[in-house]
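Please look through the sequence and the model that follow, and keep both in view while reading.

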Amino acid sequence: MAENILITGGAGFIGSNFTRRILKNRPEARVTVLDKLTYAGNLSNLGDLMKKPNFDFEKGGIENAPLVERLFTERDFDTVVNFAAESHVDRSILGPKVFLETNIMGTFTLLEAARGAWLSGSGSIEGKRFIHVSTDEVYGTLGETGYFTEDTPYRPNSPYSASKAASDHLVRAYYHTYGLPVITTNCSNNYGPYQFPEKLIPLMIINALKGEKLPVYGDGANIRDWIYVSDHSAAILAVMNKGQLGEVYNIGGRNEQKNVDIVKLICEIVDKMTSEDPELAREYPFSGRRSELITFVADRAGHDRRYAIDSTKIERELGWQATTDFTHGMEKTVRWYINNRPWWEAVISGEYMKYYEEQYGKR
Ligand code: NAD
Ligand code: DAU
């Protein structure tokens, strides 16, 4: 029997990247993407995959118990990979409720459906796996030194990270209480193609191209550990193939960068690409250096200072490591946004403009 895989949130940034990888890596598997298509979800992220005979798309929320239960009954999933989430910290500060509904109640609904299908009646956990995709933000903030390991205590500081932490705790509890075959991954900041332009890197690329203000929060010295999205997908695949049930794996790029340095790098790449290509220079006219657009604005509330992942466990036990060089990954990413203007123009209309005004209007 072909393996049946449920990918939730597969129309988002990381989920669509992973869906592409899994369909290539396991061509015989039947893949279902369940996605509510919120502002962050976009069917065009899946492109041609939608036409594959072994691919199904279901529009709906992971918190919708009748829908989720029906899918489990009809499709007899072997593997669940849960990407679906409200994922943006700034939005969680403006309006936390939906973060609790999706990230906590949604994960709970998926766990209950898996428990019902795999652990009751004639169900079995043989060959079953529930992989929960989480974040390093659950660990809170670091000082100037040290790293997050799998044993670092949870200290979430935003409504987003608190809701992800709650979902991680539920996943853990379902392993210890019911024996549900779960694995949790906690990854650092991703970047790459198809990232929604409310996150730092795509927002800065698009604003730099358009010659608009580049709003850096606080003093710009906050640090994140950046990983190219396909390296994250490769890590999840390694976890799917070889991860131990009940375990947690931290995933990071071993690549700490200060926010303001990233924005300067984007400016340099955009300046160089436009100066070398007259057609591009006409499309995105700008005189001077784009770094002049950097504007320090009011800080994010509760802004975590530094994240850094110790990914020794997944490297040693599963043989995975991040391979994309940061400058090269950033050049590829800028080039992707240049080549895919219709994609980002479509997603930054309507609702996004309202968010942008609320988030940046008074800063
Ligand atoms: P994203 O915001 O780009 O995509 C989220 C997807 O989930 C969208 O397609 C959206 O439509 C869908 N979704 C939202 N609510 C839903 C619901 N109730 N039911 C079904 N689908 C719903 O997010 P992303 O950056 O791709 O992140 C994916 C996952 O990875 C999240 O769980 C996030 O917490 C985690 N993560 C993200 C990063 C990062 O840097 N982006 C790092 C570590 C972990
Ligand atoms: O660490 C993993 C997390 O990384 C994921 O769990 C989240 O889903 C993902 O959104 C990301 O969270 P961050 O808050 O770190 O990412 P964001 O791109 O929003 O911001 C990165 C840094 O840049 C952060 O320190 C805030 C800063 N920033 C962000 C924006 C949008 C700015 O200075 N200006 C901005 O306009």
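A residue is taken to be near a molecule or strand if one of its heavy atoms lies within 4 Å of it. With that in mind, ligand 2 is surrounded by 26 residues, of which Asp136, Tyr160, Arg300, His303 and Tyr360 are the closest. This is a predicted model, in which local features need pLDDT of at least 70 and side-chain atom pairs count only at pLDDT 80 or more, while totals for chains, interfaces and linings use all residues. Residues are numbered from 1 along each chain as its sequence is written, chains are lettered from A and ligands numbered from 1 in the order in which they are written, and side-chain values use heavy atoms, with hydrogens and water left out.

Which atoms of the protein lie 2.7 Å from an oxygen atom of ligand 2? One is a polar side-chain atom of Glu137, and another is an N or O atom in the side chain of Asn189. Both belong to polar contacts (pairs of N or O atoms within 3.5 Å; within protein, one must be able to donate a hydrogen and the other to accept it, and residues adjacent in sequence count only if both atoms are side-chain atoms). Tyr217 contributes through its backbone, where an N or O atom lies 2.8 Å from an oxygen atom of ligand 2. Taken alone, ligand 2 exposes 690 Å², and the protein buries 95% of that; such accessible areas come from the Shrake-Rupley method with a 1.4 Å probe, and for residues only the protein chains shown count as cover.

Around ligand 1 there are 30 residues, and those that come nearest are Asp35, Glu63, Ser87, Tyr160 and Lys164. An N or O atom in the side chain of Glu63 is 2.8 Å from a nitrogen atom of ligand 1, whereas Phe83 places a backbone N or O atom 3.0 Å from an oxygen atom of this ligand. A backbone N or O atom of Asn190 lies 2.9 Å from an oxygen atom of ligand 1. The protein buries 97% of the 840 Å² that ligand 1 exposes when taken alone.

The aromatic rings can be read next. Rings of Phe, Tyr and Trp (its six-membered ring) pair if their centres lie within 6.5 Å, and planes under 30 degrees apart count as stacked, over 60 as edge-to-face and the rest as tilted. By this rule the count comes to 22 aromatic pairs. Trp336 and Tyr337 have ring centres 4.9 Å apart and planes at 80 degrees, so this pair is edge-to-face. Tyr337 also pairs edge-to-face with Trp343, at 6.2 Å centre to centre and with 75 degrees between the planes. Both Tyr337 and Trp343 are buried, where buried means under 20% relative accessible area, exposed over 50% and partly exposed in between (1.4 Å probe, protein chains only). Elsewhere, ring pairs link Tyr39, Phe196, Tyr217, Tyr352, Tyr355, Tyr356 and Tyr360 into a cluster.

Finally, turn to Gly116, which is found in helix H4 (residues 97-119); helices (H or I, at least four residues) and strands (E, at least two) are DSSP runs, numbered from the N terminus. Is Gly116 buried or partly exposed? Its relative accessibility is 39%, so Gly116 counts as partly exposed.
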